[in-house]
Every structure is written in C-alpha cells, then in structure tokens.
Amino acid sequence: MSIKIASLQLRAFELGEARAALDHAISMIEQAVEEHHPDLIVTPECTYPAYVLGSAQEFSQNYPGDPLPRLSDLARKHQIHLCVGLATPAESEGGPVIYNEAVLLGPDGSLIGRTAKSLLWHFDTRWFCPGASYPVFETALGRIGMLVCADGRQPEIARSLALAGAQIILDPTCWVTSGSDRRDLHNQQADYMLAARAWENGVWCVASDKVGLERGTVLYAGRSSIIGPDGKKVAEGPSDSEAVVVAEIPDLKPRSLSPAPRRPALYSNLSRTTEELPVHALLQEPLIPSRAQLRAAVAQYPPFTSTQEMGEVVRPLIAQLARENVELVVLPDVTPNVAEEAAWRSDLVFPFYRSLSKLSGVAILATAVEQEGHRRYKTACLFAQGQEIGLWRQAHFTPQDEGRWTPSAEIGPVVKFPGQSGTRLSVMLGADGFGSETARSLMLNGADVILWPVRASLPGSAGFDLSHLARTRAAENRVYILCSTPLEEASGLAGGTYQGRSLIADPNGVVVAPALPDTAMAVSAQLSISSCREKLRVPGTDVVYSRRPDLYGLLVKEDGVEL
C-alpha cells in the first residue's frame with residue numbers, strides 16, 4: 001500500500017498571534033488536501049500557539065484554548081491522519097505544566113496518541129516539562145512513532161521507537177539556525193542527523209519545520225524533509241519560504257533494524273545511571289587546554305596485495321607524517337578481497353607496525369586479520385614507541401559479512417594515549433559504527449577520540465554517505481571521529497576509478513580534514529581535547545547529563561529479556 005505524505009512548512013507566529021497561527025495552519029492543511037490528497041499531514045513543532053513562550057505565566061495569559069476540537073473536525077472532514085505540534089497545558093502532581101507535544105489524529109477525528117518532547121533544548125527548558133516515554137502507535141497506515149525536534153539529536157530516542165516497531169518516525173520540529181543568506185540556512189539535524197536516524201534504524205522519517213523569525217532572535221532553518229530508510233531525502237523544502245513538501249512512499253515494508261545486527265548484551269552502559277559511568281568521573285578531571293592537544297592523521301590508499309607493497313607505501317607515508325609532527329595515524333580497514341593476503345595477516349604485519357612506531361615516533365593504528373584456531377577476527381592494534389597500547393576486535397558485521405568473521409565478545413577498551421594531552425581514545429571497526437550504540441558506549445566509557453577504520457561505501461544507502469554518519473557520531477557524542485578508508489574500485493564507474501572517504505570530524509560534527517575521494521594520501525588535524533570534554537551543547541542541554549538512561553530499557557533487551 002502506497003502512502004502519500006505532506007510535510008507542512010509554516011511561517012513562525014508570535015505567542016500573541018496564536019489564533020492567527022491556528023487559522024493559518026488550518027488553511028495550509030486545507031490547501032495541501034486540495035492540491036495533493038495526502039494520507040498523512042505533519043505540521044511543525046508548536047504550530048500552536050508558538051514555540052518561544054517566554055515563561056509559563058506568559059503562556060497562561062496568552063493561551064486561547066484547546067485547538068484539538070477544530071483539528072479533529074478537520075481530520076474527520078478530510079479523512080486524513082494529522083500530526084500536529086502543540087504546546088499543551090496539563091496538570092501534574094507538582095501542579096500545572098506545559099508539554100511540547102506531537103499529537104496524532106486519525107481520519108475519524110479520534111486521538112490516536114501523543115508524545116511529549118523528551119530532550120528539551122536550551123531556553124525551552126524554562127517553560128516545558130520533558131516527556132518520559134517513546135510510544136509507537138498502530139494506525140491504518142502502519143506503525144508510527146513520534147519525536148519532537150531536539151529528540152532527533154539523541155540516538156537512543158529514535159532507536160527506542162524503531163525497537164518498538166515504528167516503521168515511520170514523525171518529527172514536528174523548530175530547527176533553529178543562523179546565517180546571512182535566507183536561501184541557504186543550516187542545522188545539523190537538517191543537514192545530516194535526521195538522515196542518519198532513518199538509515200541506522202531502517203525507517204522513514206518526516207520532519208516539518210518553520211521558517212522565518214520569532215521574537216527577533218530565533219531564526220528557523222526550514223528544509224522540512226521526507227527521508228527514506230536508505231538515508232536519501234526524497235523531498236525537501238526551501239529554507240526561506242513556506243512549502244508543502246510531498247512524497248509518496250511505495251510501502252512500509254520493514255527493513256532490517258540496522259545495516260548491522262545489534263548486540264544488546266554489549267550495551268549495558270546505555271541504561272546505567274550516569275554518575276556510575278567513567279565519563280562522569282572524566283568530566284570532573286582538571287585539564288589544561290594548551291597541553292590537551294593531539295596532532296592526528298588518517299590515511300587512505302588501495303588495499304595491499306603483498307607485504308613488500310605494504311612496506312613501500314607505509315614507510316614513506318609514516319616518515320612524512322613524523323616530519324609534520326603527527327603523533328597518531330589511523331590506517332585503513334581490511335577489504336574482503338584482500339583478507340587472505342599476507343599483507344593483512346596479523347602475525348606478519350603487526351610486528352612491522354610495532355617496529356615502525358618505535359622508529360618513527362608516530363603511534364599507528366593498524367587493522368589486520370587475526371586467526372585463532374577456527375576463530376577469525378578483524379582486529380585493530382595501536383602501537384606507540386614499539387609498545388602495544390590497545391587491541392580491538394570488530395563486534396558487529398553486516399549480513400553479507402556474517403559467517404566470514406568471529407564477532408568480538410565485547411566492545412573494546414578506552415585507553416589513555418601516551419603523552420601530556422590526556423587523550424582517552426578507543427576504536428570501532430567497520431560496521432561497529434553503523435548503529436549508534438558502539439560510539440555511544442565508548443563515549444560513556446570516557447573516549448574523547450574514536451578511531452574508525454571502515455570501508456568508504458555504506459550498505460543500503462543512496463544519497464547518504466560515510467561523511468554524514470561520521471559527522472553524526474561526532475556531534476551526538478561530542479567526540480572526534482577519525483575515519484580511515486581504503487581506496488576501492490568504485491562500483492558503476494569506469495575501471496580503475498577508486499573511491500575513498502577518509503576524514504576527521506570534530507565534536508561539532510564539522511569535517512576538519514577530508515581526503516580527496518580518488519587519491520592515495522593522508523590528512524591530519526589538530527585535536528583539541530578540551531572541546532571533547534565540553535558536553536554542554538547549549539544552556540540546559542547536555543550530551544551526557546540530559547540523557548534519560550531510565551527510559552532506555554529496550555536498548556539493552558534481547559528477545560524481550562533485559563540483559
């Protein structure tokens with residue numbers, strides 16, 4: 001069954017214009033029905049009465065009343081599913097509260113369900129009360145989950161919805177932005193994070209945003225979008241004007257929850273009390289910014305077919321990086337077609353990298369194939385000054401790779417890098433980074449920097465690439481992500497055309513060092529470790545302390561049993 005969806009991008013209204021805001025939203029809904037005949041319409045966060053409420057008192061003085069009777073009549077009249085973003089007054093045990101809700105109405109006008117924003121953002125913590133559940137609702141269109149705006153920044157929320165069976169996630173949002181060109185406004189969620197949520201969870205995502213300015217200081221990014229399970233935006237609005245963004249979904253057949261099957265037994269930290277976690281102790285440690293610096297690089301080259309070729313390529317590369325004061329380099333992932341070659345056997349190549357790290361003074365993370373009897377691991381080892389600093393084995397594999405490798409029984413360690421920087425680093429290999437849990441667990445275990453040897457192409461993606469995923473992992477955890485990819489022959493292109501995606505992303509999700517996609521090379525960047533310890537995104541919203549581990553039970557359950 002195909003479904004037509006309309007995401008309404010509406011201009012911002014002030015709280016004092018609440019009645020006009022509701023009238024305008026209803027008019028736009030009527031227009032969307034007349035022109036496109038959708039099955040489902042989604043409106044922005046706080047379509048009514050407004051997003052910037054000022055205070056609970058100001059809200060109570062200016063709230064015109066419950067809009068649901070009019071909206072229910074509208075859904076019934078047009079026989080549509082309608083998801084509306086509303087600021088809703090309610091009573092709690094502690095007295096009156098206001099929720100920032102996504103409210104879903106059925107084609108008969110009935111209330112199907114509501115979800116309150118859980119991750120409050122910045123100043124909205126002054127007047128909204130956070131939600132405390134992530135329900136999924138059965139509808140005639142399929143299983144629908146909802147989140148609101150900043151909820152999309154916290155990977156546990158979308159993952160919880162997907163684990164509860166959501167086939168589509170609706171996101172009424174107010175993506176705040178800044179910029180000098182109204183036609184080219186950006187927000188991390190609009191740029192890449194919501195696409196990552198769709199891809200990593202195998203769901204459709206629909207975001208409806210506002211445009212324009214509220215209270216003279218809050219500018220909205222627009223760019224309402226409909227995103228497929230492959231991470232591709234199938235429709236997107238402009239950033240400077242109202243729009244009805246429409247797409248027809250051919251079906252809601254469930255895709256595998258993740259491009260790599262989950263390992264819930266490895267994620268126990270996700271539901272532990274924050275104060276019990278290593279990151280909590282780490283964030284209390286003093287740090288001198290001028291010393292907390294690390295020069296690091298990622299390398300990119302075609303896979304080796306002999307140990308001789310390995311030496312000819314790696315020796316001069318490491319020597320040059322040493323001249324540039326690089327302290328750490330991440331070497332590329334192993335590709336299946338060369339996994340049998342001697343140049344990738346751990347017993348042959350790890351001694352070479354151990355020796356090279358001592359001779360060069362550069363710490364080297366190398367990935368190889370490790371054989372232990374009938375077990376075969378993809379293993380990364382970090383060498384510094386001729387010593388092994390840490391060893392990691394890949395724990396997650398795509399369905400195509402399963403059976404070829406033995407998965408690790410644990411997520412690897414977080415180690416302290418030698419020297420005065422105080423850097424804590426760890427490694428995820430290949431598909432370990434495809435789901436959100438590994439990087440999240442490493443950050444909670446205290447990692448400032450995550451090294452990621454991985455192949456350049458993502459499985460099941462179209463219009464969504466490794467840079468989007470790396471930027472998401474960096475920004476959602478406030479860590480550096482260092483991706484090192486092999487140069488592989490690009491499918492669908494002329495023979496001999498190679499493609500890589502090596503890059504370094506900073507804790508803001510900015511790519512600070514990209515490699516040329518078709519060139520064997522290395523790129524380096526200065527890592528400021530103090531920025532990794534700044535987990536406060538904006539006043540009132542913190543990457544670590546705004547998490548709700550008590551609500552993440554589904555993430556650590558396997559077959560319905562809590563581990």
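This is a predicted model: local features need pLDDT of at least 70, side-chain atom pairs count only at pLDDT 80 or more; totals for chains, interfaces and linings use all residues.
Residues are numbered from 1 along each chain as its sequence is written, and side-chain values use heavy atoms, with hydrogens and water left out.

A salt bridge is taken here as a side-chain nitrogen of Lys or Arg within 4 Å of a carboxyl oxygen of Asp or Glu, and by this rule the count comes to 35 salt bridges. One of these joins E101 to R114, with the closest N and O atoms 2.9 Å apart. This pair links distant parts of the chain, since E101 belongs to strand β4 (residues 95-105) and R114 to strand β5 (residues 111-116), 13 residues apart; helices (H or I, at least four residues) and strands (E, at least two) are DSSP runs, numbered from the N terminus. E101 is buried, at a relative accessible area of 7%, whereas R114 is partly exposed at 31%; buried means under 20% relative accessible area, exposed over 50%, and partly exposed in between (1.4 Å probe, protein chains only).

A salt bridge is also formed between the side chains of R533 and D448, at 2.8 Å from N to O. These residues are 85 apart in the chain, R533 being in the loop between α11 (529-532) and β30 (536-538) and D448 in the loop between α9 (437-444) and β23 (449-453), and both are buried.

Within helix α10 (residues 466-477), E476 and R473 lie three residues apart, about one turn of the helix, and their side chains meet in a salt bridge of 2.9 Å, N to O. E476 is buried at 3% relative accessibility, and R473 is buried at 0%. Finally, salt bridges that share partners join D191, R223, K233 and E236 into one network.
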